[in-house]
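I will begin with the whole chain and then turn to single places in it.

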Amino acid sequence: MNLKLTNNVITFLLASSFLLLGLSFALGANSNTLTATFSFYGVDSLMSVSALGLISGSFMIALAFATVLARLKLMKPTPALLLAAIISLVALLTLFASNRWMAQLGGFPIIGSGQGIIKYFAVVPLYLFLFYKDKLTDKQHVLLNFIPVAMVLLWIGGMKFYEFEAKGIVSLVETSPFMSWLYTVFSVQGASNVIGGFDVLFAVLLGLGLFLNNKKLIIVSGLACLSVFMMTQTFLITATGAFSSSTLLDRLGQFVIKDLWYIANLVVIAFLMILNRLNNIKEGFYDQLQPIRLHRNCLYAPFKH
């Protein structure tokens, strides 16, 4: 996979996710999330929830189109980056609100509705790589894209060891053809512990692999992390409450579709740490062959006349 293909994959994941999110909000999906978000800013008393959904959706749809147009070089990338930063910041600042945390369990760091909010940490690093790759070093890009992956796997994975989270994922696990077997082997809490342990383990191993620059460890742990986010995408099909006939995505669908950003983060890491280096090795190999070819052509040149 070269840089062009990598950028195309990232563009598709970003544009498709924000387009679906934007359309669903504009059509009136997940009013509770809108209320929780804009009550933090005191805006919910100034306009209706439907108006807030229309505004939020319009910003996300605009970001989807700006991403594609900037990738096609039909417009400058600055508006896309600014829109991504604004949308992410509006969501992330609400983590200071108490309703994002489980008050009955002591509040921070026991995260509740904030689980869908911390996913916005993944967005800006992707736009920096996509449009401003040369402004940062490869190590900086890797770090910026690893942090949100590690954060969500360690944080949400850690929540799996709590009873409220174990019960909260029952409807997802029991309807999944890939995960339902866990309940035949483990209890509800035991299955949740296994899932959480998997998330935490491979997030740590990926970080260790990056720190040690161990390609084998990066590949194995990276694929394991990727499997987590690929698995959540199957919930769009297997779980109830993901799609809606009136709003495209419902609450669960909006939560799950954001995991496409983490897939994009891992694509960036894979390109910079594995694929790009393989390409450089190949280019170096061909560069070494070039003098040999030129020498051979010089030797045979007299016989061609």
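The entries below record what I looked up, in order.

**Entry 1: the whole chain.** I note at the start that this is a predicted model. I looked up the secondary structure and found 13 helices and two strands in the protein chain. The C-alpha trace spans about 85 × 50 × 35 Å along its principal axes, and of the 305 residues in the chain, 46% are buried.

**Entry 2: the core.** Which residues have the most contacts inside the largest nonpolar core? That core has 82 residues, and the ones I was looking for are Ile10, Phe18, Tyr127, Phe229 and Trp261. Helix α13, residues 259–300, gives the most to this core, with 13 residues. I wrote down a general remark beside this, that in soluble globular proteins nonpolar side chains tend to be buried together. I then followed Phe18 and, leaving aside its neighbours within four places in sequence, found it in contact with Met60, Ile61, Leu63, Ala64, Ile87, Val123, Tyr127 and Trp261. Two of these partners, Tyr127 and Trp261, are also named among the core residues with the most contacts.

**Entry 3: α5 against α6.** Before going on to pairs of helices, I reminded myself that two packed helices are described by the angle between their axes and the distance between the axes. The axes of α5, residues 123–132, and α6 come within 9 Å and cross at roughly 150°. Angles over 145 degrees count as roughly antiparallel, and therefore α5 is roughly antiparallel to α6. The crossing is left-handed. On the α5 side I listed Pro125, Leu126, Leu128, Phe129 and Tyr132, which meet His141, Leu144 and Asn145 of α6. By type, the residues of this contact divide into six nonpolar, two polar and no charged.

**Entry 4: His141.** Not counting residues up to four places away in sequence, His141 touches Leu128, Phe129, Tyr132, Lys133, Leu136 and Leu272. Leu128, Phe129 and Tyr132 are among the α5 residues I had listed in the contact with α6.

**Entry 5: α6 against α11.** I stayed with α6, residues 138–159, and looked up how it meets α11, residues 215–238: the two axes come within 12 Å and cross at roughly 70°. The pair is therefore roughly perpendicular, and the crossing is left-handed. Val149, Val152 and Leu153 of α6 make the contact with Cys225, Val228 and Phe229 of α11. The residues here divide into six nonpolar, no polar and no charged. I had already met Phe229 in the list of core residues with the most contacts.

**Entry 6: Leu27.** Last, I turned to a loop, the one between α1 (3–26) and α2 (31–39), where Leu27 lies. Leu27 counts as partly exposed because its relative accessibility is 49%. How far apart in space are Leu27 and Leu249, C-alpha to C-alpha? They are 9.5 Å apart, although 222 residues separate them in sequence. Residues up to four places away in sequence not counted, Leu27 touches Ser246, Thr247 and Leu248.

Methods: Residues numbered from 1 in each chain as written. Predicted model: local features only at pLDDT ≥ 70, side-chain atom pairs only at ≥ 80, totals over all residues. Heavy atoms only, no water. Axes fitted to C-alpha atoms, helices over the stretch in contact; angles between N-to-C directions. Helix = DSSP H or I, 4+ residues; strand = E, 2+ residues; numbered from the N terminus. Parallel < 35°, antiparallel > 145°, perpendicular 65-115°, else oblique. Left-handed = near helix turned anticlockwise from the far one by under 90°. Contact = heavy atoms within 4.5 Å. Nonpolar A, V, L, I, M, F, W, Y, C, P; charged D, E, K, R; others polar. Core = buried A, V, L, I, M, F, W, Y, C linked by side-chain atoms within 4.5 Å. Buried < 20%, exposed > 50% of the residue type's maximum accessible area, 1.4 Å probe, protein only.
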